[in-house]
Amino acid sequence: QVQLVESGGGLMQAGGSLRLSCAAFGRTFSNYAMGWFRQAPGKERAFVAAINWNGESTFYADSVKGRFTISRDNAKNTAYLQMNRLRPEDTAVYYCAAFAVGTDWYRLGYSADEYDYWGQGTQVTVSS
């Protein structure tokens, strides 16, 4: 198993930036593909971004493409979500998630049910 702990959320004005971190504890971090999801009040959990085991492959939801960047540092067992040009509609609880890639090294996960491990979430609030 791997345990995930998010940090870096907070309150930000529209147009500002935040960087979320997801620290992984337990198994070898590079064995896992990572993803970020978010859930706004009254809405379902939505995909934000995904990254493969070594960071060479990434994918983004259309709503964040060009503003958010997912990355990872396997030496630090940490994934990141850099969020720029924040908008009020980015307000949500942000979750990082992981699944073991096995031998499918370049696989990305695009839906929540592909992920086996989840963090507790971190609140991001963007004011207008």
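Analyst: Helices and strands are here DSSP runs, with at least four residues required for a helix (H or I) and at least two for a strand (E), numbered from the N terminus. On that basis, this predicted model contains zero helices and eleven strands. The order of elements from the N terminus is accordingly β-β-β-β-β-β-β-β-β-β-β. The radius of gyration is 14 Å, close to the 14 Å given by the globule rule for 128 residues, so the chain is as compact as a globular protein of that length. The C-alpha trace extends over about 45 × 25 × 25 Å along its principal axes. Of the contacts between residues at least 6 apart in sequence, 61% join residues at least 24 apart.

Buried residues account for 41% of the 128 residues. In soluble globular proteins, nonpolar side chains tend to be buried together. In this chain the largest nonpolar core has 37 residues, and those with the most contacts inside it are Met34, Trp36, Leu81, Met83 and Tyr94. Two or more residues each come from β1 (2-7), β3 (18-26), β4 (32-39), β5 (46-51), β7 (68-73), β8 (78-83), β9 (92-100) and β11 (122-127). Among these, β9 gives the most, with six residues.

Trp36 belongs to strand β4. Its relative accessibility is 0%, and Trp36 therefore counts as buried, the cut-off being under 20%. The C-alpha atom of Trp36 is separated by 9.4 Å from that of Ala112, although the two residues are 76 apart along the chain. Met83, for its part, is in contact with Gly16, Ser17, Leu18, Leu20, Arg67, Phe68, Tyr94 and Val124, when neighbours within four places in sequence are set aside. Tyr94, one of these partners, is likewise listed with Met83 among the residues with the most contacts inside the core.

Leu11 lies in strand β2, residues 10-13. At 64% relative accessibility, Leu11 counts as exposed, because that value is over 50%. Beyond residues up to four places away in sequence, Leu11 touches Thr125 and Ser127.

As for the surface, the chain exposes about 6,400 Å², of which carbon and sulfur atoms supply 47%. There are 12 positive and 11 negative side chains, and the centres of the two sets lie 6 Å apart.

Methods. Residues numbered from 1 in each chain as written. Predicted model: local features only at pLDDT ≥ 70, side-chain atom pairs only at ≥ 80, totals over all residues. Heavy atoms only, no water. Rg over C-alpha atoms; globule rule 2.2 N^0.38 Å. Buried < 20%, exposed > 50% of the residue type's maximum accessible area, 1.4 Å probe, protein only. Contact = heavy atoms within 4.5 Å. Areas by Shrake-Rupley, 256 points an atom, 1.4 Å probe, with all protein chains shown as cover. Lys, Arg positive; Asp, Glu negative; His and termini not counted. Charge placed at Lys NZ, Arg CZ, Asp CG, Glu CD. Core = buried A, V, L, I, M, F, W, Y, C linked by side-chain atoms within 4.5 Å.
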